[in-house]
Amino acid sequence: MPPAIETISLTRRFGDFTAVDNVNLTVEAGQFFGFLGPNGAGKSTTIKMLTGLLAPTSGTIRILGADLTQNSAELKRQIGVVPEGMALFGRLTASEYLRFVGRMYGLDQATTLQRTNELLEFMSLANEQKKLITDFSHGMQKKLALAAAVIHGPKVLFLDEPFEGVDAIAAGTLKQMLQRMIARGATIFLTSHVLEIVERLCTHIGIIHRGQLVAQGSIEELRAGVASSGGQSLPSGAAQLTLEQIFLEIVGTDRDGNLAATPPEQELSWLS
């Protein structure tokens, strides 16, 4: 099978600033892939290009083996997206919004209604039938955005900070749903600043830093790579490195792989 997601020399510039710089990324079908990076590293820009919301300056994007620029409409029917901003229609109810999204994806009316009811029940939103989305809490809106992203049964699901603002009970339910999607052959591309969640869910990781893809592979491969490199700032027993330790070691280097200079210690005068 072709990779679910593949980029070749993917680049995006904004004037003189290069947000994504010559990224070659491969996500195989069926992987739960975590995409990490510091703030401003290029994560959201990359996701916007992968989902067709932003045109690349140069490079190639293939989704499910097909060129995104040449098969945009067809490929968008096979992907689901939960963007960071969610972009929901606040003056609709949850049911109205899901029915609208289902019809936009080409589902027939009966299927759309059935899946809408199932998703509202699954997301514990069934008792909010008369409330407008604009009156939902942030966590409720997050669950609704995820429901809209999966109503058509996507083959590839892009999630940008999906657990932000979601309570622990709902987060556990969502994680189970995502694992079931993986078990049925879907591919999930997840970005999150909560590294413990990424480590628990994802089998493969990509790390972007200053617009460049600086690491890619399974967590075991990244752990072995950092341990074998000497890990200047790491304790002994590096074979048991957490994803947080791996991440900090990798992004703490410059573009040539040298350990970046440690900034001088700073204090707040009124807290010292």
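This is a predicted model: local features need pLDDT of at least 70, side-chain atom pairs count only at pLDDT 80 or more; totals for chains, interfaces and linings use all residues.
Student: Hi! How many salt bridges does a search of the whole structure find?

Tutor: Hello! The search turns up five salt bridges.

Student: Let's start with Arg77. Which residue does Arg77 form a salt bridge with?

Tutor: Its partner is Glu74, and the closest N and O atoms of the two are 3.2 Å apart.

Student: And how accessible is Arg77?

Tutor: Arg77 has 46% relative accessibility, so Arg77 counts as partly exposed. Glu74 is partly exposed too, with a relative accessible area of 43%.

Student: Moving on, what do the side chains of Lys131 and Glu128 do?

Tutor: They meet in a salt bridge, at 3.4 Å from N to O. Lys131 is partly exposed at 30% relative accessibility, and Glu128 is partly exposed at 22%.

Student: Which residue meets Glu164 in a salt bridge?

Tutor: That would be Lys142, with 4.0 Å from N to O.

Student: Where do Glu164 and Lys142 lie?

Tutor: Glu164 sits in the loop between β8 (156-160) and α6 (168-183), while Lys142 belongs to helix α5 (residues 138-150), so the pair ties together parts that are 22 residues apart in sequence.

Student: Is Lys142 buried or exposed?

Tutor: Lys142 is buried, because its relative accessible area is 1% and buried means under 20%.

Methods:
Residues are numbered from 1 along each chain as its sequence is written. Side-chain values use heavy atoms; hydrogens and water are left out. Buried means under 20% relative accessible area, exposed over 50%, partly exposed in between (1.4 Å probe, protein chains only). Helices (H or I, at least four residues) and strands (E, at least two) are DSSP runs, numbered from the N terminus.
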